[in-house]
Amino acid sequence: MTTKTRFAPSPTGLIHLGNLRTALFSWLAAHKLGGKFVLRIEDTDAERSRLEYVTALMADLHWLGLDWQEGPEVEGPQAPYFQSRRDAIYQGFYAVLEAQGNAYPCYCTPEELALSRKLQLSQGRAPRYAGTCRHLDANGRAAHEAVGRQPTLRFRVPDDEEIGFDDAVRGPQRFASADIGDFIIRRADGSPAFFFCNAVDDALMGITLVLRGEDHLSNTPRQILILQALNLPVPQYGHMALIVGEDGQPLSKRNGSRTVEELRASGFFPEALNNYLTRLGHPLESEALLGLEALAAQFKVERLSRSPARFDAQQLAFWQHQALLNLPWQRVWDWMAPEVDGLVPESAREAFVAAVRPNLSIPEDAALWAAVCFGEPAIAPDAEGILQSTSKGFWQFALSGLADSGTDFKALAKSVSALSGQKGKALFLPLRVALTGQTHGPELAALLPLIGGERAAARLHTALEMAHADL
Ligand SMILES: Nc1ncnc2c1ncn2[C@@H]1O[C@H](COP(=O)(O)OP(=O)(O)OP(=O)(O)O)[C@@H](O)[C@H]1O
Ligand SMILES: [Zn+2]
C-alpha cells in the first residue's frame, strides 16, 4: 500500500510555520516512498473562511516546492477538494448514520446545554452531553419541531468501549467511550462539524497517514468511532508536538504569528524554511542544505519529537546563510536583483554573487556591496578615523603597488607590506577601508577585480588626502 498523506488547512488566515511544518512533514512522508500528497481545503466555516487565504496558501506551498498530487488546481478522483462543495456527500453519510441508529437529532438549546454543563461542573464532574435527546421518540421530536426548534445531529457514542489506536508519533493511545459524550456531527444550521467531514474525507480520499498537530489528539477517538460506524477505513494518525513562539504559546493564526508570506517577503529562501523546519522536532544526520527529495529520503515519522519545538530565529538565520552559500548563483542573483539591478554589469553578475554571498542575509544587504563595487560608496562613520590615522606614505606605497599588480589583491598587499613594513590588521584594515569605505565585508581578493583599477586608484587617492601628513 503506498503512503498517501494530506494537508487540510482551514483558510481562515495566512499560514504560519506551525501549519507549514505539518504540510512539509506530510509531503516528506509521502515522497519518501513514492506516495501521494493531497491538499484539501477545510472551508466549512463560512464566516471565517476566505478565498484569498486559499490563494495565498497555495502560493506559499508552490513557492516552497510542496506540490500536491490531488487537490485544487490539479483535481483528482475525489474532487471537489473544497469541503464547502462536498455537502451532498456529508448529507448522505448523515442519513446512513441516522438509519443505523448511530446518530439522532438533538433539540437542546445552547442555554439548556450551558445549564447542564454548569450543573455537572458544580458536582465535580467533567461536563459531557447528558443524553437528553438520546431516546426521544417520534412524538417527542414532533413536539420540538412544532415549536420551531432546529436540531443538531449527534453521534451516539457506544456505552462501554475502549477506543485504541497506535499513534505514529506518540505510541499506543487509549480512550474510554464513557468519557466521550454524544457529540455533534451536524450543526443546527445544517453545516458539518469539523471532525466529521475531516474524518470522512480522509477515508474517501484514501489517506493512509494523517500527520497533524497534537491539538487534534482528542478528536481522534471520535473520528475513529465515526469511521467504524460507517465502515470506512481508519488511517494511521500521528500527532506532532506544536511549534511554540518566543512567548511559549503555540503559533496560531489567531494570535498573529509570523506568516510564511511575511518570511518570503523579507527575503527568506524556501530552502532555508524547508531545511530549518525539517530539523525542528526531527533529528537529521546531514548538516548540509538539502533539497526536498533528499530531505524526504532522510525523513522518518518515528523520529518526530513528542516535546514542543520552540521557534528559533537564529536557527532559521543559520539555514538562510547556508542557502546563500550553497544555492546556484543565478538563484541568488534573482533574489537580490531588485535591489542591485542597474548597478551590476551583466558580465560581472556571477563574480559579484560569488564575492558577496557570504556577507548577505536579506536582499537589501546586496545594495551596499553593489555600490562598493560599481558605484561611489560613502565612507562609513567608523571608518573615517582609521584613514585619518594612517600615514600618507602608506598610500603612496599602495598606489604604486596597484600600478604594478593591477587588481590582484594578494600581490598588492604583499608589495605594500614589503614597502611599508606593515602586517596583519595594520596592513589590511586601512586597505579595506580605503577600497570599500567599510571596516568589514567580503574578501578583498574577490572585491578588487569588481571595483577595477580605476575606481581603486581614485579611492586610494582619497585615502592619501585624508591621511595625516608625515614622512
Ligand atoms: N503551532 C503549531 N505547530 C504545529 N502545527 C500546528 C500549529 N498550529 C496549527 N498546526 C497544524 O496545522 C494544521 C492546519 O491547521 P489549521 O489550518 O486548522 O490552522 P491553525 O493554525 O490550527 O488555526 P487556528 O490558528 O485558527 O487555530 C493542523 O494539522 C494543525 O494541527
Ligand atoms: Zn439534546
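## Core, ligand shell and overall form of a predicted model

Leu20, Leu24, Leu273, Cys373 and Ala398 touch the most other members among the 91 residues of the largest nonpolar core. A nonpolar core is a set of buried Ala, Val, Leu, Ile, Met, Phe, Trp, Tyr and Cys residues joined through C-beta atoms within 7 Å. A residue is buried if 20 or more other C-beta atoms lie within 10 Å of its own, exposed if 12 or fewer, and partly exposed in between, with C-beta atoms placed from the backbone. Helix 1 gives this core its largest share, nine residues, and at least three residues come from each of domain 1 (1-78 + 193-327) and domain 2 (381-466). Apart from this core lies another, of 18 residues, including Leu97, Tyr129, Phe196 and Ala199.

This is a predicted model, in which local features need pLDDT of at least 70 and side-chain atom pairs count only at pLDDT 80 or more, while totals for chains, interfaces and linings use all residues. Residues are numbered from 1 along each chain as its sequence is written, and chains are lettered from A and ligands numbered from 1 in the order in which they are written.

Leucine 273 has contacts with Leu20, Leu64, Leu263 and Phe268, leaving aside its neighbours within four places in sequence. Two residues are in contact if their C-beta atoms, placed from the backbone, lie within 7 Å. Of the contacts in the protein chain with a separation of 6 or more, 78% join residues 24 or more positions apart.

Around ligand 1 there are 18 residues, of which Pro9, Gly18, Arg212, Gly213 and Lys253 come nearest; a residue is near a molecule if its C-beta atom, placed from the backbone, lies within 6 Å of it. Helix 1 (17-32) and strand 8 (209-213) each supply at least two residues of this shell, and the largest share, four residues, comes from helix 1. The table gives the shell by class.

| Class | Residues in the shell around ligand 1 |
|---|---|
| Nonpolar (Ala, Val, Leu, Ile, Met, Phe, Trp, Tyr, Cys, Pro) | five residues |
| Polar (the others, Gly among them) | eight residues |

The C-alpha centres of domain 1 and domain 2 lie 52 Å apart, the domain bounds coming from an automatic or database domain assignment.
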